[in-house]
Amino acid sequence: AAVKVVKAVEDTWVCDAGCNGVVCVTVEKKGIDPVEVLEKMWDQMGELVSESAIKQFQNKHKFLYRVLPLQVLCRSVLDEMLVAAKKLITARMAGADPTTFSVVVDVRSNNSMTKMDVIIKMADLVQEFNPKHTVQLYMPETIILVQVVKAACGLSVVRNASRYCKSQKSSFNLQEHATGLAISKFNPPAPNTPVPAEGP
């Protein structure tokens, strides 16, 4: 008898975001959290046991520079962004223990708002739910990630944020983290060697 071949339904696809160097990877399969995907990528790096293995990992992901997980999508209209953020913050921060947080915003190809507009509104929203959460610009425990690309906006809440951020200006950088891991594991600085301070 003939075997019926059923084509699997695609639940992941890649699309051009319309900005140079920005690509969106969309996953529709239920139960997949983009932040958990980020965590697993960093876990994989931590398990590499040689400098050559880290180099292979970097080559495998050579076109992947920053990895920005987005848990919620909406239009890039500030009022709609705040509604989406409110649901996300309610679920992930409202009842949580007091934490330090920072709002990390990138606005690309959109002149309808400024980064500071978004930062102030998002920070006010967090403290409205829990006044014990405090703003900390450098190496916070939690990051509210906001990415505006043209008419679309993506948001997420990332805990254990210092794991992904070498500094305020260098966040979620896969290649840089892998290079730093190779140095710290296999080429550590000599004892008493001054380490340059990183600042925001």
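User: What pLDDT does the chain average?

Analyst: Welcome! This is a predicted model, in which local features need pLDDT of at least 70 and side-chain atom pairs count only at pLDDT 80 or more, while totals for chains, interfaces and linings use all residues. Residues are numbered from 1 along each chain as its sequence is written, and side-chain values use heavy atoms, leaving out hydrogens and water. pLDDT is the predictor's confidence in each residue, from 0 to 100. Of the residues, 85% score at least 70, and the chain averages a pLDDT of 85.

User: At what angle do the axes of helix α1 and helix α5 cross?

Analyst: Helices are DSSP runs of H or I with at least four residues, and strands are runs of E with at least two, numbered from the N terminus. Axes are lines fitted to C-alpha atoms, for helices over the stretch in contact, and angles run from 0 to 180 degrees between N-to-C directions. Angles under 35 degrees count as roughly parallel, over 145 as roughly antiparallel, 65 to 115 as roughly perpendicular and the rest as oblique. The axes of α1 (residues 34–46) and α5 (residues 174–186) come within 10 Å and cross at roughly 25 degrees.

User: Which residues of α1 make the contact with α5?

Analyst: Contact means heavy atoms within 4.5 Å. On the α5 side, Leu-174, His-177, Ala-178, Leu-181 and Lys-185 take part. Their partners in α1 are Met-41, Trp-42, Met-45 and Gly-46.

User: Are α2 and α5 roughly parallel or roughly antiparallel to each other?

Analyst: Helix α2 (residues 51–60) packs with α5 at an angle of about 175 degrees, their axes 10 Å apart. The α2 residues in contact are Glu-51, Ile-54, Phe-57 and Gln-58, and those of α5 include Leu-174 and Phe-186. The two helices are therefore roughly antiparallel.

User: Which residues of α4 does α3 meet?

Analyst: The axes of α3 (residues 78–92) and α4 (residues 115–129) come within 10 Å and cross at roughly 35 degrees. From α3 come Leu-78, Met-81, Leu-82, Ala-85, Lys-86, Ile-89 and Thr-90. In α4 they meet Val-118, Lys-121, Met-122, Leu-125, Val-126 and Phe-129.

User: How many residues apart are Trp-42 and Tyr-164?

Analyst: Rings of Phe, Tyr and Trp (its six-membered ring) pair if their centres lie within 6.5 Å; planes under 30 degrees apart count as stacked, over 60 as edge-to-face and the rest as tilted. There are two aromatic pairs by this rule. Trp-42 and Tyr-164 form an edge-to-face one, 5.2 Å centre to centre with 75 degrees between the planes. Trp-42 lies in helix α1 and Tyr-164 in the loop between β7 (152–159) and β8 (165–167), making them 122 residues apart.
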